[in-house]
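Please look at the sequence and the model together, and follow the paragraphs below with both in view.

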Amino acid sequence: MTSSPSSFKVALIQMWPKPLDAEGNFGFAAEQIRIAAAQGAALAVIPEYHLTGWVPEDPTFALSPAESTRYVQQYQQLASSLRINICAGTIVSHAPGGTDGEPPRLLNTSYFIDHDGQILGSYCKTNLWIPEREHLTSSIVYANGGDRTATATKSSSDATFQPHQVFDTPLGPVGILVCWDIAFPEAFRQLVLAGAKLIIIPSFWTLQDMNETGLRHNPDCERLFVESTLVTRAFESTAALIFTNAGGPADQGFFGCSQVTMPIVGKVPGSFTDGSEGTRVLDVDMDLVEIAEQNYRIRQDLARDDWHYGYAGAREATR
């Protein structure tokens, strides 16, 4: 493991992905990464679906494997030339392989690229939001060859696939989750058990993700969901969270609120409070993670062999 800096600067790149305009969206993201690097950011994070937006019914919504590789390589070149780490949001592409006659399997994948331009890890979204399930393939389903029942029939002791992996990076041990993953504390637990202290969360979350009945009770409920859940997850995981959401017009439901969220202090000042496009460069004080752990001892409890919540199988699988 590389040594982790006690603090670093992160660029939250909040952008409005224009539907199906991969070249234009990439150009905007690349320019924002250059701005971030000029401001001393060690890491730039882009939203989910940043290349095409959420237009799943269109056949060009998902990139071919070759197109996906080309954009990832362009991010690698940017990272190397600017000496900046990049979490390249997510890129939706056709899964390799498959058989004739089967519907295409679409994967929603995020990549961590270091400042040398090397891909240190990738993560395919595991917990799909309800409308996504008609179009995308979860990492769990893909790992089981498309069998949705395979994981459910395994006991915790014989399940070998761990969807949530930790990458050794210049910023320390990093995990990636995507959008709706934040609704599941189990995802964070798996990353914490594997040693993650920094968790990056590219997202495409809007106010319209609630149904009309719920919106009549609270039209701002999805913002409340996100902001309260991020603070909770930071505290209960003793981890630094970097959440980068899509931005865009408020009348289309975009609320943005990209942010750095820490234990002890919560949402870091300077984070986005609305859906405006642009880049914010914030300090990430990793000492807060250490102070919180010394006080709450969450990781210490999870590491106990006699811990009473049944994480032993997950812990052994990540060793």
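This is a predicted model: local features need pLDDT of at least 70, side-chain atom pairs count only at pLDDT 80 or more; totals for chains, interfaces and linings use all residues.

Residues are numbered from 1 along each chain as its sequence is written, and side-chain values use heavy atoms, with hydrogens and water left out. Helices (H or I, at least four residues) and strands (E, at least two) are DSSP runs, numbered from the N terminus.

An α-helix has 3.6 residues a turn, so residues three or four places apart point the same way.

Aromatic rings come next. Rings of Phe, Tyr and Trp (its six-membered ring) pair if their centres lie within 6.5 Å, and planes under 30 degrees apart count as stacked, over 60 as edge-to-face and the rest as tilted. By this rule the count comes to 15 aromatic pairs. Phe-26 and Tyr-71 form a tilted pair, with 5.6 Å from centre to centre and 55 degrees between the planes. This pair links distant parts of the chain, since Phe-26 belongs to helix H1 (residues 22-38) and Tyr-71 to helix H2 (residues 65-82), 45 residues apart. Both Phe-26 and Tyr-71 are buried. Elsewhere, ring pairs link Trp-16, Tyr-49, Trp-54, Phe-61, Phe-204 and Phe-254 into a cluster.

Which residue lies over the face of Tyr-71? Arg-70 does, at 4.6 Å from the ring centre; a charge sits over a ring if NZ of Lys or CZ of Arg is within 6 Å of the ring centre and within 35 degrees of the ring normal.

Arg-70 also takes part in a salt bridge with Glu-23 (3.3 Å, N to O), a salt bridge being a side-chain nitrogen of Lys or Arg within 4 Å of a carboxyl oxygen of Asp or Glu. Glu-23 lies in helix H1 and Arg-70 in helix H2, so the pair ties together parts that are 47 residues apart in sequence. Glu-23 is partly exposed at 45% relative accessibility, and Arg-70 is partly exposed at 38%. By the rule for salt bridges the count comes to 13. Another one joins Asp-283 to Lys-9, with the closest N and O atoms 2.9 Å apart; because Asp-283 lies in strand S13 and Lys-9 in strand S1 (residues 7-14), this pair ties together parts that are 274 residues apart in sequence.

Finally, Thr-126 is found in the loop between strand S6 (119-124) and helix H3 (139-143). Thr-126 counts as buried, at 11% relative accessibility. Leaving aside neighbours within four places in sequence, Thr-126 is in contact (heavy atoms within 4.5 Å) with Ser-138, Ser-139, Ile-140, Pro-163, His-164 and Asp-181.

Terms used
Buried means under 20% relative accessible area, exposed over 50%, partly exposed in between (1.4 Å probe, protein chains only).
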